[in-house]
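Have a look at the structure, then go through the notes on helix packing and the ligand.

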Amino acid sequence: MKQSQYFIPTLKDVSNDVQMTSHKLMLRAGLMRSIGAGIFSWLPLGWRVIEKIKKVLQEEMNKIGGQEFHLPALNPIEYWEETGRVEAMGDVMFHIKNRDGLVLAPTHEEIIALHAKQHISSYRDMPMVWYQIQSKFRNEPRPRSGVLRGRQFFMKDSYSLDTSFENLDISYDKHYNAYKSIFDRCGIKYFIVGASSGAMGGSKSQEFMVESDFGEDVCAISDSGYAANIEVATSDLKAIERNKDNFEAEIFETPKSKTIDDLVKDFDLDEQICAKSLIYIVDKKAVMILMRGNDELNISKVESFFATTDIRPAHDEEILEITGAKAGSLGPINLLKNIDVYADNLLMNCNGLVSGANKTGYHYKNIDLDRDAKIAKYQDFRTVQSGEPDIIDGSTISVVKAIELGHIFKLGTKYSDAMGAKFLDTDGKEKSIVMGSYGIGVERIAACFIEQSSDDNGIIWNKELAPFDVHIVGINTHKDQTVSDYCDELYSKFNSENIEVLYDDRDVSPGFKFKDADLIGTPIQIIVGSRSLKEDLVEVKIRKNSEKIMIKTNKILDFIKNN
Ligand code: ATP
Ligand code: MG
């Protein structure tokens, strides 16, 4: 491409609202433009990067036997009703207003299960890995950080179809390895975490994460290699030990203590032994969850435990009706209504606890959960904190923010059951197809790469993702015939050798060209000036370390081919 005829609208600056480096550089280098919240146009240079990412994705998916599809974004809503996901997706799904019964697909499990139902009938038809790289539509409530969270974005989504859970394990492992190859080839530093399968069923799920302060996921990691999404992360903290002295539970007046902090301060108590009692409405039914006072309830764990997303904190009136007291004085003893009480594992069989008395302005002390309360089940409900020991070897956990790049998921038969995608097995029995689902955000690869590979001057592409292999920067091409002749010749030579080349032949100052070349960030720049040309030399600049090498004009093609 000759830059004088190519559309790369580089910018010196962008608005102060743009915070992420990758977002800034995508705008400044002329890769993309935003046309609305979470909606982006890819410009020619950016589109070349997306195409490079797609190539890596296709090659690695094809290696594990993936077959590429292109499924429509426009979906009849009936399939989504069959799996119950119109409700589950809620406001995230876009609905079409002027044509009945159509939605924009946020993902494609339903349509895959539909095609499987239509044409997979025997164990002989499997395994299958079906994938696509296609636009997804999600009505994200808070699109931000540029292309990281779009309302329309590209996803590589693949789906495995297997005859059994054992075979699903094989398809899942193949994806796990393919994902590692994809992110390694792209040159992204990532880590893999165990993730929540959520309330939607499925047995195992892992996420590929990039650490970043702009990430909207939170993960617990440690030096021993422990890594888990905070939604499922656990630590090796031990339950509070039982006191040898076991006194009678005793009510005491606490008129000013509305919170655990107040209680600790007002009565000089150890925070650990002050249990807090939370009332939640789970699937329309009230439950109490007891936690150590200083611990944070982990809603994802609650969702997984009760296998539902229909969970909310109880309102003040409900609390009063159930317990007979206002929030701040709730506890497991003397509840007005007979509701199930669950407790966090760290409170297992504890005594000596302080908790509300279900009488506004009163607490109990010396509560023995074994003796005084009826605990339906002890369960891990708490959110892990930085500094806790991990479960591998006790290494210290750090809680970090991260961007989710990819997600692999053993779905099981949820979608095939709902859609009726069945097959006849070797034993002649009809069974549901066992599915897996695997997604990667294409734009997120580009953004995460730039987050990790740029400097003050611009992007530093690697070979795999660079929009061009090499950038010829001709100095004074418009004034100096020898320079422009040589650049033209080099440009044709590269093109005929299939070397992807961008040639800056614009009528602008050398300084301007150098700045743009660094901003665009191809791995190699060839700087052609009249002075060095007289000695049959050109200057090569390696973008990543700014190293400059003088190379003989007759050796430049070999140099580029070998680097
Ligand atoms: P997030 O928690 O970030 O919303 P998700 O759990 O909704 O992600 P999946 O449904 O698993 O994501 O989608 C698979 C992949 O698609 C994600 O790992 C991510 O890389 C990408 N992705 C998801 N939502 C978006 C979005 N709004 N914009 C860009 N990429 C996205
Ligand atoms: Mg999401």
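Angles between axes under 35 degrees count as roughly parallel, over 145 as roughly antiparallel, 65 to 115 as roughly perpendicular and the rest as oblique. This is a predicted model, in which local features need pLDDT of at least 70, side-chain atom pairs count only at pLDDT 80 or more, and totals for chains, interfaces and linings use all residues. Residues are numbered from 1 along each chain as its sequence is written, and side-chain values use heavy atoms, with hydrogens and water left out.

**Helix packing**
- Helix H2 (residues 44-63) packs against helix H12 (residues 442-452) at about 110°, and their axes are 10 Å apart.
- H2 and H12 are therefore roughly perpendicular to each other.

**Polar contacts of ligand 1** (N or O atom pairs within 3.5 Å)
- Glu404 places a polar side-chain atom 2.6 Å from an oxygen atom of ligand 1.
- For Leu405, a backbone N or O atom lies 2.9 Å from an oxygen atom of ligand 1.
- For Gly441, a backbone N or O atom lies 3.0 Å from an oxygen atom of ligand 1.
- On its own, ligand 1 has 580 Å² of accessible area (Shrake-Rupley method, 1.4 Å probe), and the protein covers 82% of this.

**The shell around ligand 1** (residues with a heavy atom within 4 Å)
- Strand E8 (152-162) and strand E21 (398-412) are the elements that give two or more residues to the shell.
- E21 gives the most, with 4 residues.
- Among the 14 residues around ligand 1, those that come nearest are Arg138, Glu140, Arg149, Gly150 and Glu404.

Methods:
Chains lettered and ligands numbered in written order. Polar contact = N/O pair within 3.5 Å; in protein donor to acceptor, adjacent residues only side chain to side chain. Axes fitted to C-alpha atoms, helices over the stretch in contact; angles between N-to-C directions.
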